[in-house]
Amino acid sequence: MKSSIIIIGNPAARAASRKKFESASFFLREKGFDTKILLTEKSNDATRLAGEAVREKPYAIIAAGGDGTINEVINGMVGSAIPLAILPLGTTNVLAKELGIPEYVTKAMETAVSRKPRTVSLGRIELDPGTDSAYSRYFCLMAGIGFDGKTVHDMNTAVKKKSGKAAYIFSGIKNLLRYSPNQLFYTIDGKEYTGFSSITGKASKYGGNFKITPDADLSDPFIYTCIFQGNRRSDLLRYVFKVMTGRLFDERDIVYLKSTSVEILGTAHIQIDGDYLGVTPAKITVEKDALQIIY
């Protein structure tokens, strides 16, 4: 055998199945690799499994699931020399779209064994910074604070499994109808700003192929933050329309900044890479050269 590849799969991911995990394993064995499939059962299992897999020093670790599963795997691999490969099986598969990884098992596995690893920088978000209860996580796509975080917080996971993107839409509509955001206070590389919601991106794509932080790139050691300064329902609808039409930065009540750090004060919900995280205050920084990804 050439080497080993460990597949960490989330059977609860929308497009996941045992057959797909086995197909990926079969393809890799045909290419000369030994394989092992590890399946998650609950939240944060993928982080634990990834940490254990790193110690086995495989050729690569494959995250087989959606963006949330990939995020968990990344959090177990940061700082290691083991490359990450991706088998996209989620609802929107934003990271796969960002990196050009096919959403078909054999083509994704061909990418895993034929491409070279590339070093990427990640976002790091710390909740309650400077306190005894401080807690941090890494992200590769975005941190959504305010409306975005509340929408993910209120989303019905059973509906998500059955209907995919519709679960986000249903939760978004519900939150729009009772939209009453708290004001947030941002310090970005030492300068102060205010707003009611924000997206801090480490990648350019959002929610599929939409773009809110179009200049963000995993290969660069920077983050891009888009702050929404309107607090009315009509403002939120206007932002959504502009995102969908690719004209968001026509708006005067948008702040868009490149930086290496963002501090947020106030009270708002947070999501990272499409999964709920917690509540502000928070601090976002860049973890330079944190991981290798094959794409």
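Modeller: One definition to start: helices are DSSP runs of H or I with at least four residues, strands are runs of E with at least two, and both are numbered from the N terminus. Counted that way, the protein chain has nine helices and 18 strands. Please keep in mind that this is a predicted model.

Colleague: What makes the protein chain as compact as a globular protein of that length?
Modeller: The globule rule takes 2.2 Å times the number of residues to the power 0.38. For 295 residues that rule gives 19 Å, and the radius of gyration of the protein chain is 19 Å, close to the rule, so the description holds. The C-alpha atoms fill a box of roughly 60 × 40 × 35 Å along the principal axes.

Colleague: How do you know which strands pair in the open sheet of six strands?
Modeller: Pairing asks for at least two bridges between two strands. Strand 7 (residues 142-145) and strand 10 (residues 197-201) have four bridges in the antiparallel sense, so by that cut-off they pair. The whole order reads 14-13-10-7-16-17, with antiparallel pairing.

Colleague: Why are strand 14 and strand 17 called edge strands?
Modeller: Strand 14 (254-259) and strand 17 (275-279) each pair on one side only, and that is what the name refers to. From one strand to the next, the twist averages 20 degrees.

Colleague: What makes the unit of strand 1, helix 1 and strand 2 right-handed?
Modeller: With the strands pointing away from you, the path from the first strand over the helix to the second has to run clockwise. The β-α-β unit of strand 1, helix 1 (residues 18-30) and strand 2 is right-handed. Strand 1 (residues 4-9) and strand 2 (residues 34-39) run parallel and are joined by six bridges. Among the partners, Ile8 meets Leu38 of strand 2.

Colleague: Why do you say that helix 3 is largely enclosed?
Modeller: A residue counts as buried under 20% relative accessible area. In helix 3 (residues 67-77), eleven of the eleven residues are buried, so the rest of the structure largely encloses that helix. The buried residues include Asp67, Asn71, Glu72 and Met77. Over the protein chain, 53% of the 295 residues count as buried.

Colleague: What follows helix 3?
Modeller: Gly79, whose phi is positive, near 90 degrees.

Key. Residues numbered from 1 in each chain as written. Predicted model: local features only at pLDDT ≥ 70, side-chain atom pairs only at ≥ 80, totals over all residues. Heavy atoms only, no water. Buried < 20%, exposed > 50% of the residue type's maximum accessible area, 1.4 Å probe, protein only. Axes fitted to C-alpha atoms, helices over the stretch in contact; angles between N-to-C directions.
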